[in-house]
Each structure stands twice: as C-alpha cells, then as structure tokens.
Amino acid sequence: MTPAPLTVPAAHFVDETRQQRLAVREGLAVGLATAAYGVSFGALSVAAGLDIWQTSFISIVMFSGGSQFALIGVLAAGGVAAGPAAIASAALLGVRNGIYGMRTASIVGSGLWRRLAAGWITIDESTAVALAQPTPRSRRVGFWVTGLAVFIGWNATTLLGALIGDALGDTRAYGLDAAAAAAFVGLLWPRLKRMQAIAVAVAAAVVAATLTPVLMPGLPVLVAALVAVVVGLFNWLGGPVLPRAASARKGLRP
Amino acid sequence: MTLWQIIIAASIVVLALKLAGYVVPPALLAKPTPSRIADLLTVALLAALIAVQTLGSGQSLALDARLPAVIVAAGLFAIKTPFIVVVIVAALVAAGLRALT
C-alpha cells in the first residue's frame with residue numbers, strides 16, 4: 001500500500017494546475033466583458049471633442065476606465081479651459097490604482113521591466129481576479145492574464161468606438177451624453193454595498209449639482225471629492241473597519 | 001494648455017500613481033484610514049460626475065432627456081444588466097425622447 005503522504009505532492013500538483021486554469025479562464029472572461037464597453041469610451045471620447053489618436057493615446061497610456069471617463073466628461077462640459085480640473089479628476093480617480101499596487105506588488109514577480117509592466121496594468125479587474133485566487137501561482141497567473149486581456153481588448157474596442165463615434169456626427173441626437181452618465185452609473189453601482197458609500201455618493205452628487213451654476217466646469221466634481229475625505233477621515237457611518245478586504249473586490253471595472 | 005497637453009499630463013499622472021503603489025512601503029496600507037479614503041474618493045467622484053453629466057449644461061443646470069435615461073440605467077444595473085446593454089439603452093431612451101419632443 002502506498003503511504004498516504006506520498007500521494008500529497010501529486011494531488012497538490014493536479015490541484016495547482018487546475019487553479020491556474022481557473023485563473024486563466026476567469027481572467028479571459030473579465031477581459032472580454034471589459035472590452036465590450038471600451039466601445040462606449042471610444043465613442044464618448046470622440047463626442048467630447050477628442051480625435052481618434054487622442055482617444056487611443058488615453059486608452060493605451062492612462063488605461064484606467066474611471067479616470068478616462070472622468071477626463072473626457074470634464075472636457076466635454078468645460079472644454080480646454082477646464083483642463084486642470086479634468087487632469088485633477090482623472091488623477092483622484094487613479095489614486096486607488098496606487099493602493100492596488102501595494103497589494104499586487106508581492107504577486108507579480110520580480111525584475112524592473114516586469115514590475116513596470118505590472119504597474120501599467122494594475123487596475124480594478126487585474127487586482128480583483130488576482131486577489132480572488134487561492135494559491136500564489138494562480139494569483140500571479142490571474143493578475144497577468146486579466147491585465148493583458150483587458151489591455152488588448154480595451155484598446156481594440158476603444159479604437160472601434162472612436163471610429164463609430166466619428167461616423168455618427170451629431171452625438172446629442174443619438175443620446176451619447178446620456179450614455180456617458182449611464183457609464184458612470186455602471187462604474188459606481190458595484191461600489192454601493194455599504195451605507196457609508198451610499199451616503200457619500202448622495203452627498204457628493206448633491207454638492208456637485210449645487211455648485212455647478214456657481215463654479216467653473218470641473219471644479220464642482222473636485223469639491224465634491226472633499227465629502228469622501230471628511231467622511232473617510234472620521235469614519236462616519238463606518239461600522240467595523242476591514243482594512244484589507246476593501247477596494248478592489250467591490251468594483252469590477254477598470 | 002492645448003488638448004494634447006491635457007491628455008498627456010493626465011495620462012502620465014494616472015500611470016505614475018499606478019507605479020507609485022509598487023515603490024511605496026506597504027506599511028501605509030496597514031492603516032485603515034488612507035485605504036478607506038481612497039475607496040470613498042472613487043465613490044464621491046463617480047457620483048459627482050453622474051450629477052454633472054446628467055444635470056449640467058455648461059455652467060447651469062438643465063432637466064432634459066438625460067435624467068429619465070439615467071434613471072432607466074440605474075434600474076437596469078440594479079437587475080444586473082450587462083454594462084454595454086445599459087449604456088446603449090440609456091442612449092436610445094435619450095435619443096427617443098429628443099426625437100419625440
């Protein structure tokens with residue numbers, strides 16, 4: 001009879017292979033789903049007044065959906081004059097990627113170039129899929145497969161969307177301004193699980209709408225961000241603190 | 001600033017923030033407050049962008065076809081409709097209302 005301990009490595013190996021295969025499958029599925037709405041970014045960016053080159057540049061270099069939609073949203077409302085506010089909005093929405101990087105730094109492997117590439121594709125999706133995997137190897141596989149799948153899909157469909165938007169002409173008649181607002185609703189929705197987040201969302205929306213007639217375009221959004229800083233600092237409506245479980249798993253959006 | 005300068009500056013800042021996460025000591029993350037503020041910051045900015053994108057018209061507020069479209073979108077997200085479908089339906093609602101009025 002074979003002693004029980006000898007079977008453990010084999011079972012472990014099979015299990016590990018299976019975990020990696022599951023991580024690959026999950027990463028590709030998320031990449032495909034994300035690519036589908038790259039089309040809306042491309043079309044809305046052209047509607048906001050950017051050309052196809054500028055639109056693709058943002059998707060390649062910035063590569064973070066929330067920041068990208070924010071940038072073109074503020075530019076659509078305020079034009080080039082709102083540039084500083086548009087940059088600030090995109091940057092503030094990009095802060096969470098830095099937080100993700102602190103978590104994924106131990107997952108992605110070593111070497112300067114590899115870490116540079118990993119940083120580039122550190123977004124909601126790659127972080128969420130990576131952290132959801134059970135073993136170190138499957139976490140690494142999940143991170144890279146998801147990040148690269150989303151990067152390729154998102155950029156291909158951004159270009160497609162930009163070409164469609166370019167062909168449409170008068171975008172208001174097609175309701176693309178409403179589509180932009182709906183896209184933000186889709187990015188926000190998965191994050192509204194807790195009372196604190198819901199309260200912050202409502203308060204920020206009220207602040208931004210109230211200040212719109214008073215301040216120049218772009219600034220109401222930045223002032224509304226202060227709601228998050230104040231509520232987060234004092235942890236109003238916060239309940240128990242869960243430092244590590246937060247952030248990435250809540251929103252599966254780039 | 002030209003449009004290109006705005007786009008390049010914003011892209012570099014967002015990319016730099018991602019890379020910063022790989023060089024900052026992870027001890028910062030152990031503290032719950034920065035992490036919580038970053039989470040809520042995302043929520044507040046997205047909510048504010050929804051308000052401005054739905055109600056803003058330059059530097060004034062306007063109630064038009066966008067509001068019903070956004071309400072329909074929120075309802076569809078609540079019943080887990082795929083992102084791209086919701087965005088298209090929202091566009092169709094606004095376009096339809098504008099064609100009728």
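What share of the contacts in chain A with a separation of 6 or more is accounted for by residues 24 or more positions apart? In this predicted model, such residues account for 76% of those contacts. Of its 254 residues, 54% count as buried.

Contacts between the two chains involve 86 residues of chain A and 69 residues of chain B. On the side of chain A that touches chain B, at least two residues each are supplied by α1 (4-47), α2 (52-62), α3 (65-78), α4 (83-104), α5 (112-120), α8 (176-188), α9 (195-211) and α10 (219-234), with the largest share, 18 residues, coming from α4(A). Sorted by class, this side of chain A has 61 nonpolar, 20 polar and 5 charged residues.

In chain B, helix α1 (residues 3-20) has 18 residues and reaches 26 Å from its first C-alpha to its last, close to the 26 Å expected at 1.5 Å a residue. Its buried residues are I6(B), I7(B), A10(B), S11(B), V14(B), L15(B), L17(B) and K18(B). Because they cover an arc of only 155 degrees around the axis, these residues lie on the same side of α1(B). An α-helix has 3.6 residues a turn, so residues three or four places apart point the same way. What the buried residues of α1(B) pack against is α2, α3, α4 and α5 of chain A.

The UniProt record, an unreviewed entry, annotates residues 6-25, 37-55 and 67-97 of chain B as "transmembrane region". Over residues 37-55 of chain B the model is 100% helix and 0% strand, and the end C-alpha atoms are 26 Å apart. Over residues 67-97 of chain B, by contrast, the chain is 87% helix and 0% strand, with its end C-alpha atoms 11 Å apart.

The two chains also meet in the largest nonpolar core, which has 114 residues and in which those with the most contacts are A182(A), A204(A), A44(B), A48(B) and A90(B). Helix α3 (residues 32-55) of chain B provides the largest share of this core, 15 residues.

Conventions:
Residues are numbered from 1 along each chain as its sequence is written. Chains are lettered from A and ligands numbered from 1 in the order in which they are written. This is a predicted model: local features need pLDDT of at least 70, side-chain atom pairs count only at pLDDT 80 or more; totals for chains, interfaces and linings use all residues. Two residues are in contact if their C-beta atoms, placed from the backbone, lie within 7 Å. Helices (H or I, at least four residues) and strands (E, at least two) are DSSP runs, numbered from the N terminus. Ala, Val, Leu, Ile, Met, Phe, Trp, Tyr, Cys and Pro count as nonpolar, Asp, Glu, Lys and Arg as charged, and the others, Gly among them, as polar. UniProt positions are given in the numbering used here, feature names are shortened, and annotations may be inferred rather than shown by experiment. The expected span of a helix is 1.5 Å times one less than its number of residues. A residue is buried if 20 or more other C-beta atoms lie within 10 Å of its own, exposed if 12 or fewer, and partly exposed in between; C-beta atoms are placed from the backbone. The arc is that of the directions from the helix axis to the C-beta atoms. A nonpolar core is a set of buried Ala, Val, Leu, Ile, Met, Phe, Trp, Tyr and Cys residues joined through C-beta atoms within 7 Å.
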